[in-house]
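Please open the model in a viewer and follow the stops below in order. Each stop names a selection and then describes what is found there.

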Amino acid sequence: MSDGTLGVAPIHIVGAGGLGREVFDALFQNGVTAADVVFADDHLAAGEVHGAVVRRLADTVGGSYVVAVADPAGRRRLRRRMESMGSTPMAVVHPRAVIAHDVVVWPGCVVLANAFISTGVRLEPHTQVHSNATVGHDTIVHEYTTVLPGANLAGNVVLERDVTVGSNACVLSGVHVGAGTFIGAGAVATKTHPAGRLLTRVPAR
Ligand SMILES: CC(C)(COP(=O)(O)OP(=O)(O)OC[C@H]1O[C@@H](n2cnc3c(N)ncnc32)[C@H](O)[C@@H]1OP(=O)(O)O)[C@@H](O)C(=O)NCCC(=O)NCCS
């Protein structure tokens, strides 16, 4: 695993919504306490979440950060913002995720509880694999792509950057999904799909 899994305090979780709290839990299960965590969220600033302070983005400085926002475009924008404040990206991996020994988890990645990531997988920086999702052998997940809860990627899949795979969706073996495509919940992607599409149903179209 890369050094991206080791954060420097304060650890900023960018986004204090549901995903932010899930990321907090993954950190907590790794032994990180609320004292080391700052949530960065302009809408919820001045409050507290799980005992950790919530600040406006403009009031964060240094330390490390992870963006807890599932939307790839939002994640990209917030990454730039945090790095302009001198914060460095870190990865967050829930201790009960299963990750093959040869997989590198790069800074900015989030891997939640019960995710399974098989051998030969390439997870690029700022990708997310949510709870109960599986990523089959030799699959490539490009930057900013999100795999939502319970989705299944078979072996040798390629997801280009900024793809979202919805809950319980399935991408069959060897399928290539173009940049920015959104696969709706429960859809089954059976063949190569071009960039920038919204796909639903079985088979996905
Ligand atoms: C596909 C998706 C992006 C469409 O969102 P949207 O554009 O806001 O669409 P709407 O909710 O307005 O629905 C439009 C129509 O598509 C249908 N629809 C929506 N999502 C669908 C899906 N995944 N599969 C099949 N049909 C779907 C709706 O029932 C509706 O049908 P109707 O016109 O006959 O009533 C969204 O529904 C989806 O699947 N998102 C993934 C969410 C997810 O996995 N979240 C996990 C978070 S933990």
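A residue is near a molecule if one of its heavy atoms lies within 4 Å of it. The model on display is predicted.

**The ligand.** Select the ligand first, together with the residues that surround it: L148, P149, G166, S167, F182, G184, A185, L198 and T200. By class, this shell comprises 5 nonpolar residues, 4 polar residues and no charged ones. Next, display the backbone of S167, where an N or O atom lies 2.7 Å from an oxygen atom of the ligand. At A185, a backbone N or O atom is found 2.8 Å from an oxygen atom of the ligand. On its own the ligand has 910 Å² of accessible area, and the protein covers 35% of that.

**The nonpolar cores.** Which members of the largest nonpolar core touch the most other members? Select V111, I117, L153, L159, V165, V171 and I183, which hold that position among the 33 residues of this core. Then centre the view on L153. Beyond its neighbours within four places in sequence, L153 is in contact with T134, V135, G136, T139, V141, V147, L159, V165 and V171. Another core, of 20 residues, lies apart from the largest one; I11, A16, L27 and M90 are among its members.

Where the domains meet, 19 residues of domain 1 are in contact with 21 residues of domain 2.

Technical notes
Residues are numbered from 1 along each chain as its sequence is written. This is a predicted model: local features need pLDDT of at least 70, side-chain atom pairs count only at pLDDT 80 or more; totals for chains, interfaces and linings use all residues. Side-chain values use heavy atoms; hydrogens and water are left out. A nonpolar core is a set of buried Ala, Val, Leu, Ile, Met, Phe, Trp, Tyr and Cys residues joined through side-chain atoms within 4.5 Å. Buried means under 20% relative accessible area, exposed over 50%, partly exposed in between (1.4 Å probe, protein chains only). Contact means heavy atoms within 4.5 Å. A polar contact is a pair of N or O atoms within 3.5 Å; within protein, one must be able to donate a hydrogen and the other to accept it, and residues adjacent in sequence count only if both atoms are side-chain atoms. Accessible areas come from the Shrake-Rupley method with a 1.4 Å probe; for residues, only the protein chains shown count as cover. Ala, Val, Leu, Ile, Met, Phe, Trp, Tyr, Cys and Pro count as nonpolar, Asp, Glu, Lys and Arg as charged, and the others, Gly among them, as polar.
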